[in-house]
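Subject: Two-chain model for you

Hello,

Please look through it first, then read my notes below.

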Amino acid sequence: MLRDAALVAGKDLRLEWRSRVATNQVAPFAILVLILFAFALDPDRGILERATAGLYWVTVLFAALLALSRAFSIEAADGNRDALRLSGLDPAGIFLGKAAAVAVVLLALEVLLLVGVIVLYNADVHGIGLLAATCVAATAGLAATGSLYGVLAAGLRVRETLLPLLLLPVAAPVLIGATRAFEDAFSGTTGEGWSWCVLLAIFALIYTVFGVLAFGPLLEES
Amino acid sequence: MESVVHLRAAVALLGRFPALAGVDLDVGRGETVVLQGPNGAGKTTLLRLCAGLAPVASGEAVVLGHDLVADRKAVRRHVGLLGHQTHLYDELTVADNVTFWARAARAEASDAQAAMARLGLDGRLADVAVARLSAGQRRRTALAVLVARRPELWLLDEPHAGLDQDGRDLLDGLIRDATAAGATVMMASHELDRVQGLAPRVVHIAGGAVTDDTAAPAAPTEVAHAP
């Protein structure tokens, strides 16, 4: 399973390296969203600063939708889903590999967006450790849920519009937890940031286990 | 002769429509069988059923010893399917694609290299993105994937389409080599002149059923079962 996961993740990351979709399309889109939030809320600078954590994670969520849609549209093209079924790859390995590749892309985007909020929103970062742990846990959760719903939507003609409808409600706990943890990290308070981070990790673990078990049947039926 | 494909009254549905309406067919190891019939006759569905992709709605279907009614997934890693789609990632290079699918099938990187060389895809072409290939080169890349996977059962749907004369000759050579090595080939083709030299046996399909079999095996075959 892990061998297959590494093979699929390597393929997806190589595909990203050659196509540069994340760097040329997803990243500029995410930065643009941050800028638009700044335009919309700039008259009251206080709101922008107070809402930085939430705006950051809403932007990450939008970017994740694009990254996930891309990750599964490549499997829908040219009959590649059939090829995956015929390949002999362990479905659980395919799930882990695709989720890992999405997570790597999202983590890179999150670093970029963090620089964005520091520059555009004057965000002060006090808890680097909490920020990093939150990013890893929240990204794992987004990648796992996204890969699960991505394969579910992949076989349908309406996949581009269906994926956000399926994923956003499920990803709401990630948005809430990551925002709360980031608020603590930005403010430097010793509140419940780490508790939210642990909750995010549990969410990621549950969906990863669920994905390992369910991806095969979903790949078969999609 | 050991039967690699054994179908009895096999039915496959496309939605509610019976794309295969009770197919009886036995194909022995090392045979090359050409499926002929009009568009919509069920040739592609038959190939997909043998690949374990299309479910068997009723009847018997045993392929490479695997009962497809009980479990149609187990047979998949042993078959190679080349259909109208080439199953390639556009942004990846020829070498990336062949190596990925070969490694997915537990083949060695050297198998991928050898397959690319056999199909004339080594050298400069190996590093070209598939999106930039001509239709014929793309088809050759798909064939290289097939060769690198070393399947026991080749399922080819109009395999000569899109290939130039050299490519067609190359494909014929691959099929002969594969069957000589013990693999079995089933292919749907409208080009009877082309494939007659390859396959003494032509199976005609119409309305989802076998209507004629020019060289059916004389004796009932022994159906192998996977352990």
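**What I found**

Buried residues make up 51% of the 227 residues in chain B. Buried means 20 or more other C-beta atoms within 10 Å of the residue's own; exposed means 12 or fewer, and partly exposed is in between, with C-beta atoms placed from the backbone.

Ground rules before the rest. This is a predicted model: local features need pLDDT of at least 70, side-chain atom pairs count only at pLDDT 80 or more, and totals for chains, interfaces and linings use all residues. Residues are numbered from 1 along each chain as its sequence is written, while chains are lettered from A and ligands numbered from 1 in the order in which they are written.

**Chain B overall**

Chain B has 6 helices and 11 strands. These are DSSP runs, numbered from the N terminus: helices are H or I with at least four residues, strands are E with at least two. The radius of gyration of chain B is 17 Å, close to the 17 Å from the globule rule for 227 residues, so chain B is as compact as a globular protein of that length. The radius is taken over C-alpha atoms, and the rule is 2.2 Å times the number of residues to the power 0.38. Along the principal axes, the C-alpha atoms of chain B fill a box of roughly 50 × 40 × 35 Å.

Now the contacts. Two residues are in contact if their C-beta atoms, placed from the backbone, lie within 7 Å. Take the contacts in chain B between residues at least 6 apart in sequence: 73% of them join residues at least 24 apart.

**The sheet in chain B**

An open sheet of 6 strands runs in the order β6-β7-β8-β3-β9-β10 in chain B, with mixed pairing. Strands pair if DSSP finds at least two bridges between them. The edge strands are β6 (79–82) and β10 (209–213) of chain B, each pairing on one side only. The twist averages 20 degrees from one strand to the next.

Some pairings in detail:

- β6(B) pairs with β7 (residues 153–157) of chain B in the parallel sense, over 4 bridges. Val79(B) stands opposite Leu153(B) in β7(B).
- β3 (residues 32–36) and β9 (residues 201–206) of chain B are parallel too, over 4 bridges. Leu35(B) has Val203(B) in β9(B) as its bridge partner.
- β9(B) and β10(B) are antiparallel over 4 bridges. Here Ile205(B) has Val210(B) in β10(B) as its bridge partner.

The hairpin of β9(B) and β10(B) has 2 residues between the strands, and Gly207(B) there takes a positive phi near 60 degrees.

**Chain A overall**

Chain A comes to 9 helices and 0 strands. Its radius of gyration is 18 Å, close to the 17 Å that the globule rule gives for 222 residues, so chain A is as compact as a globular protein of that length. The C-alpha box of chain A is roughly 55 × 30 × 30 Å along the principal axes. Buried residues make up 51% of the 222 residues in chain A. Of contacts in chain A between residues at least 6 apart in sequence, 84% join residues at least 24 apart.

One helix pair is worth a look. α4 (residues 52–76) of chain A and α5(A) pack at about 80 degrees, with their axes 5 Å apart. That makes α4(A) roughly perpendicular to α5(A). Axes are lines fitted to C-alpha atoms, for helices over the stretch in contact, and angles run from 0 to 180 degrees between N-to-C directions. Roughly perpendicular covers 65 to 115 degrees; under 35 is roughly parallel, over 145 roughly antiparallel, and the rest oblique.

**Where the chains meet**

The contact takes 17 residues from chain A and 22 residues from chain B. On chain A's side, α1 (2–19) and α5 (80–87) of chain A each supply at least two residues.

Most residues other than glycine have a negative phi. Asn122(A) has a phi near 55 degrees. Asn122(A) lies in the loop between α6 (91–121) and α7 (128–154) of chain A, and is exposed, with 11 other C-beta atoms within 10 Å. Arg106(B) has a phi near 65 degrees. Arg106(B) sits in the loop between α2 (94–104) and α3 (109–118) of chain B, and is partly exposed, with 14 such atoms within 10 Å.

Best wishes
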